[in-house]
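Subject: Structure handover

Hello,

The structure is placed below for you to open. My notes on it follow.

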Amino acid sequence: MKQNSIVEKILELKKQKDVLILGHYYQVPEIQDISDFVGDSLNLSQKVTNTNNKIILFCGVHFMGETAKILNPSKKVIIPDLNAGCSLADSCEYEAFKKFKEQYPNHIVISYINCSAKIKTLSDIICTSGNAMQIVNSLPKDQKIIFAPDKNLGGYINRVTGRNMVLYNGSCEVHELLNAEHTLKIKKENPDAFLIAHPECNDSVLKLADYIGSTQGMIKYVKESENKKFLVATESGILHKLKTDNPEKEFIIVTNNASCACNDCRHMKLNTLEKVLYSLENETYEINLDEETIVKARKPIDNMLEISKKLGIIK
């Protein structure tokens, strides 16, 4: 079936079945284009709390589908590919983190949203890269904190805020593989370019950046910047939005070596238009969570949304 026919069928089924299609910025361009709403983790978390649609089709990775289900337990939540996991979420297993947490009994747990529903049940507050800094700063300076699972995001927050949060040793393979040596080489080859980086990158790369921020933060920064050329240190799916918003500007994705022209998440890129169509036709693959997990996992998400509203990060 040709792409135009697939898109037409998707849009027809979406309307017929009352489906909200959510897409992450790291999805392939054609999925972003057919989504009702495209965003980063904070945008998408907020969006799924305000939907009346019968079905939510989440084009992202598994933990995102879980988050949508936690916030909408009565709705059917489906994802195009069950194998679309997350290396960061996988780096923090429930039993291992539970034992880790027990070593620090007087600490509260702030967990990055890129974690499983089970890890969320062990957390006090969830955060995203877009609000993590503000959430940490909203807590008393003497509050003891465990930050999980991303050691790079947690380390960046520690450096900027002067905190001493205990960090769990997890990371995203897409960002972790970027290295200072090759990044510096790309910078030297493009002296007129600004380097923008996601805080999931390791410290050596972040120290080279002209701007550090969430996916949404980078999109906003580029749009408002007078600079015409950017080096982008994050997953290459963001380029679709950057180029759409800024057709007159040039973007070069930062890779981990000279032989690679992209920086793709193998999990995000499992989703295709064909799989989206199949998911709509068969209402698969459904995310199911038990009631206890939903109740426990929702509390730290609600805490995040409440703090974000108080701080004026979201409305």
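Helix pairs

H3 passes H4 in a right-handed crossing (a crossing is right-handed if the near helix is turned clockwise from the far one by less than a right angle, and left-handed if anticlockwise). Helices here are DSSP runs of H or I with at least four residues, strands are runs of E with at least two, and both are numbered from the N terminus. The side of H3 comes from Ser41, Ser45 and Val48, and that of H4 from Met64, Thr67, Ala68 and Leu71; contact means heavy atoms within 4.5 Å. By class, these residues are 4 nonpolar, 3 polar and no charged (Ala, Val, Leu, Ile, Met, Phe, Trp, Tyr, Cys and Pro count as nonpolar, Asp, Glu, Lys and Arg as charged, and the others, Gly among them, as polar).

Before going on, please note that this is a predicted model, in which local features need pLDDT of at least 70 and side-chain atom pairs count only at pLDDT 80 or more, while totals for chains, interfaces and linings use all residues. Residues are numbered from 1 along each chain as its sequence is written, and side-chain values use heavy atoms, with hydrogens and water left out.

Two packed helices are described by the angle between their axes and the distance between the axes. For H3 (residues 41-48) and H4 (residues 62-71), the axes come within 9 Å and cross at roughly 30°. Axes are lines fitted to C-alpha atoms, for helices over the stretch in contact, and angles run from 0 to 180 degrees between N-to-C directions. H3 and H4 are therefore roughly parallel (angles under 35 degrees count as roughly parallel, over 145 as roughly antiparallel, 65 to 115 as roughly perpendicular and the rest as oblique).

A second pair is H13 (residues 215-224) and H14 (residues 238-245), with axes that come within 10 Å and cross at roughly 25°. That angle makes H13 roughly parallel to H14. Their crossing is right-handed. In this contact, Thr215, Met218, Ile219, Val222 and Lys223 of H13 meet Ile238, Lys241, Leu242 and Asp245 of H14. The classes are 5 nonpolar, 1 polar and 3 charged residues.

Overall form

The protein has 16 helices and 12 strands. Its radius of gyration is 19 Å, close to the 20 Å that the globule rule gives for 315 residues, so the protein is as compact as a globular protein of that length. That radius is taken over C-alpha atoms, and the globule rule is 2.2 Å times the number of residues to the power 0.38. The C-alpha trace spans about 50 × 50 × 35 Å along the principal axes.

S1 and S3 (residues 55-59) pair in the parallel sense over 5 bridges, and Gly23 has Cys59 in S3 as its bridge partner.

S5 (residues 108-112) and S6 pair in the parallel sense over 3 bridges, with Tyr112 opposite Cys127 in S6.

S9 (residues 194-197) and S11 (residues 229-233) run parallel and are joined by 4 bridges. S9 also runs parallel to S10 (residues 211-212), joined by 2 bridges. Ala197 stands opposite Ala233 in S11, and its bridge partner in S10 is Ile212.

Backbone points to check

Most residues other than glycine have a negative phi, and most peptide bonds are trans. The bond from Ala148 to Pro149 is cis, with omega near -10°; Pro149 lies in the loop between S7 and H9 (151-161). Another cis peptide bond joins Thr284 and Tyr285, with omega about 0°, and Tyr285 is in the loop between H15 (273-282) and H16 (291-310). Asp18, although not a glycine, has a positive phi of about 60°. Asp18 is in the loop between H1 (3-17) and S1 (19-24).

Regards

Note on methods
Two strands pair if DSSP finds at least two bridges between them.
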